[in-house]
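Me: I would like to learn how to read a structure feature by feature, with the general idea first and the particular case after it. Could you take me through this one in that way?

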Amino acid sequence: MPNARTTAGRVLHGSALGRPDLRIDQYDGHWLVQTRDGDFPDELRGITPGLARSLWWKRLDKTSKTAPQWIEGEGLEKKFLVAENDARYAIDFQAGYSQGLFLDQRLNREKLSRRTQSGDRILNCFSYTCSFSVVAALAGAITSSMDLSRRYLDWGKENFLLNQLPPDDHFFCKGDVMDWLKRFARQGRRFNGVILDPPTFSRNGKKVFKVEKNYAELVQLAATLLNEDGGWLLCSTNHHSLQEWSFETMLYEGIDMAGRNLVKSEAGEMPPEFVGDDYLKSFWLDVE
Ligand SMILES: C[S@@+](CC[C@H](N)C(=O)[O-])C[C@H]1O[C@@H](n2cnc3c(N)ncnc32)[C@H](O)[C@@H]1O
């Protein structure tokens, strides 16, 4: 694991072994094996209870999006906890395709913790289970988390409670991010930092969001909400086939369209255990 205070992480990223179809993550000793093409790798059977508490398998298929399947070891009937540095998160292997914490964003969460000052107002768009918000709140920020899903926002509030953070001191906005950003602009809301980590594609009724088409507008709306004397944006995407320069170009376009100036751009990093793969593109942009 990355450090003694962290109990979840990637155990094996297959690209490093010439097996790009294989990944293994572990959450408090429960191993989640993920394959893109093949079936469960039978050579892993028998590693419980010595190496792992339990063994689960998920096919990496975004069209069927099935939940992990139990293979051997301890059963898991409800949520359980993992730690990452000072934060605690609820993990659920029964919740569907995603388990509650995106492990590839660990270094961005650590950077967020270092960048946040007590009293900052931080807006987390596409917040999922609010892991970025928890980190910012632990550093003293007042957070606003936005997501289409009530269930994920409730899971986020549960994560706040696990960290002794009263959810009532923070804001949870259910609905479409683009709509909320326009509403916040009309209300004159301002933030020290805004986190943008949308899915590659999303549909909300008739509205469609595509990273390659709509990211510049997303940045424009977010940049408009930064404090008048400046702030930062964390812009991230896991769109595998989008070139990094093309993503960066959209970010600069968005800042331009908002009438703001870019002061500094710093690329975010993927955790070293994801060796051999750099699909996650992220940039920290200081804007005035
Ligand atoms: C890739 S996850 C975000 C992961 C999150 N940033 C994290 O680090 O844990 C995408 C999230 O965006 C939400 N979502 C998708 N389309 C949306 C939209 N148009 N407005 C608000 N939320 C949306 C989904 O419900 C999902 O929780």
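Me: How far apart are the centres of domain 1 and domain 2?

Reply: Domain bounds come from an automatic or database domain assignment, and for this chain the assignment gives domain 1 (8–77) and domain 2 (103–287). Taken over C-alpha atoms, the centres of domain 1 and domain 2 are separated by 29 Å. The contact between them takes seven residues from domain 1 and seven residues from domain 2, where two residues are in contact if their C-beta atoms, placed from the backbone, lie within 7 Å. On the side of domain 1 that touches domain 2, the largest share, four residues, comes from S1. Before going further, note that this is a predicted model, in which local features need pLDDT of at least 70 and side-chain atom pairs count only at pLDDT 80 or more, while totals for chains, interfaces and linings use all residues. Residues are numbered from 1 along each chain as its sequence is written.

Me: How many helices and strands does the secondary structure of the chain come to?

Reply: Helices (H or I, at least four residues) and strands (E, at least two) are DSSP runs, numbered from the N terminus; here they come to six helices and 16 strands. The radius of gyration, taken over C-alpha atoms, can be set against the globule rule, which is 2.2 Å times the number of residues to the power 0.38. For this chain the radius of gyration is 19 Å, close to the 19 Å that the rule gives for 288 residues, so the chain is as compact as a globular protein of that length. Along the principal axes, the C-alpha atoms fill a box of roughly 60 × 40 × 40 Å. Among contacts between residues at least 6 apart in sequence, 61% join residues at least 24 apart.

Me: What order do the strands of the five-stranded open sheet have?

Reply: Two strands pair if DSSP finds at least two bridges between them, and in this sheet the order is S1-S2-S3-S4-S5, with mixed pairing. Strand S1 (8–13) and strand S5 (69–73) each have a single partner strand, so one side of each is left without a neighbour in the sheet. From one strand to the next the twist averages 20°, where axes are lines fitted to C-alpha atoms, for helices over the stretch in contact, and angles run from 0 to 180 degrees between N-to-C directions. Strand S3 (residues 30–35) and strand S4 (residues 54–59) run parallel and are joined by six bridges, with His30 opposite Ser54 in S4.

Me: And which strands are the edge strands of the seven-stranded open sheet?

Reply: That sheet has the order S10-S9-S8-S11-S14-S16-S15, again with mixed pairing, and its edge strands, each pairing on one side only, are strand S10 (171–174) and strand S15 (262–267). The twist averages 15° from one strand to the next. S8 and S11 pair in the parallel sense over four bridges, and Ile122 has Gly193 as its bridge partner in S11. Helix H1 (residues 106–115) lies across S14 and S16, running at about 175° to S14, while helix H2 (residues 131–138) lies across S8, strand S9 (142–147) and S11, running at about 175° to S9.

Me: Which residues of H5 are buried?

Reply: A residue is buried if 20 or more other C-beta atoms lie within 10 Å of its own, exposed if 12 or fewer, and partly exposed in between, with C-beta atoms placed from the backbone. In H5 the buried residues are Tyr215, Leu218, Val219, Leu221, Ala222 and Ala223, and what covers them includes strand S8 (121–125), helix H4 (177–187), strand S14 (231–237) and helix H6 (244–257). Over the whole chain of 288 residues, 37% count as buried.

Me: Where do Asp28 and Tyr128 lie, and what is the phi of Asp28?

Reply: Asp28 lies in the loop between strand S2 (22–27) and S3, with phi near 45°, a positive value in a residue other than glycine; Asp28 counts as exposed because it has 12 C-beta neighbours inside 10 Å. Tyr128, in the loop between S8 and H2, also has a positive phi, of about 55°, although it is not a glycine, but Tyr128 counts as buried, with 22 C-beta neighbours inside 10 Å.
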